[in-house]
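Please open the structure in your viewer and keep the selection panel at hand. The tour below goes from one selection to the next.

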Amino acid sequence: MIPKPLHAYKAVFFDVGDTLMTIPASQTIMRQYLADRSLRRDEERVGRLFTEAFRLFYYGRQVDAYEPCTPESDRAFWMKLYRYILEKLGVHEERWTDEQIDDCCRGMYELFTGPQPYRLFDDVKESVEALKQRGFRLGIISNFAPTLTDILRHQGILHHFDPVIVSTEVGLEKPDPAIFHLALERSGLAASDILYVGDHDTNDIWAPAQAGIDAVKIKRYDYHSGAGIHSLLELLA
């Protein structure tokens, strides 16, 4: 599954969301957040809509032109996604005003960009530590809110990674290959020295290839299709 033997690389760089960490209780957290605001809906329905919205707005979106990425554009993207969920849950039938909807969406954005809901996948710490012990340099290239470094620090793994390139901090967003060229510039490595690991076909496989970087897909969920690995431990096999 890996283009070259692992020892042929000097570094392994990673995506973060759904590659290194996830929010395992996202539907429970969202259901409770909405219930606290008197919008009581079945947890399974909330979870189904969250998955539907994420696949529609993130995995299914078409990128025609690369636009600058900012904290404001990131917030706007997620506000749009959360509004979609609320509308599907029938907030208009509950007579919510646009102001109430926006306030709820802002609250969910703050909640899901904070450190508390996130958990590392079970294979992450072992794999990261083993790669470091084998002498690999590790880095991160991620589309994320500016809170990512705080989340990684909270998870106890930030110190393993250099560089840490976050879209909202550098103004570039995957799948723009420019963010991978920036990673090469900051790391001082050649493209052939790096293996990149991520879960998204366009952002994490196609985009690094445009910068000459080999990539392997990690398939954390049933809806992840195609060739790839299911655990970071497979890199070490």
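**Helices H3 and H4**

Begin with H3 and H4, whose crossing is right-handed, that is, the near helix is turned clockwise from the far one by less than a right angle. Helices here are DSSP runs of H or I with at least four residues, numbered from the N terminus. This is a predicted model, in which local features need pLDDT of at least 70 and side-chain atom pairs count only at pLDDT 80 or more, whereas totals for chains, interfaces and linings use all residues. Residues are numbered from 1 along each chain as its sequence is written, and side-chain values use heavy atoms, with hydrogens and water left out.

Select residues 71-88 for H3 and 98-112 for H4: their axes come within 9 Å and cross at roughly 120 degrees, where axes are lines fitted to C-alpha atoms over the stretch in contact and angles run from 0 to 180 degrees between N-to-C directions. The contact (heavy atoms within 4.5 Å) involves, among others, Trp78, Tyr82 and Leu86 of H3 and Ile101, Cys105 and Phe112 of H4.

After H3 comes Gly90, whose phi is positive, near 85 degrees.

Next, show the side chains of Trp78 and Tyr82, both of which are buried, meaning under 20% relative accessible area with a 1.4 Å probe and protein chains only. Because Trp78 and Tyr82 are four residues apart in helix H3, they are separated by about one helical turn. Rings of Phe, Tyr and Trp (its six-membered ring) pair if their centres lie within 6.5 Å, and planes under 30 degrees apart count as stacked, over 60 as edge-to-face and the rest as tilted. By this rule the count comes to ten aromatic pairs. The ring centres of Trp78 and Tyr82 lie 5.9 Å apart with planes at 35 degrees, so this pair is tilted.

**H1 against H4**

Now select H1, residues 26-35, which packs with H4 at an angle of about 145 degrees, the axes being 11 Å apart. H1 also passes H4 in a right-handed crossing, and the residues that meet include Ile29 and Tyr33 in H1 and Met108 and Leu111 in H4.

**Asn203**

Finish at Asn203, in helix H9 (residues 201-210), which counts as buried because its relative accessibility is 3%. Leaving aside residues up to four places away in sequence, Asn203 touches Tyr58, Asn143, Lys174, Pro175, Phe180 and Pro208.

Definitions and conventions: Helix = DSSP H or I, 4+ residues; strand = E, 2+ residues; numbered from the N terminus. Buried < 20%, exposed > 50% of the residue type's maximum accessible area, 1.4 Å probe, protein only.
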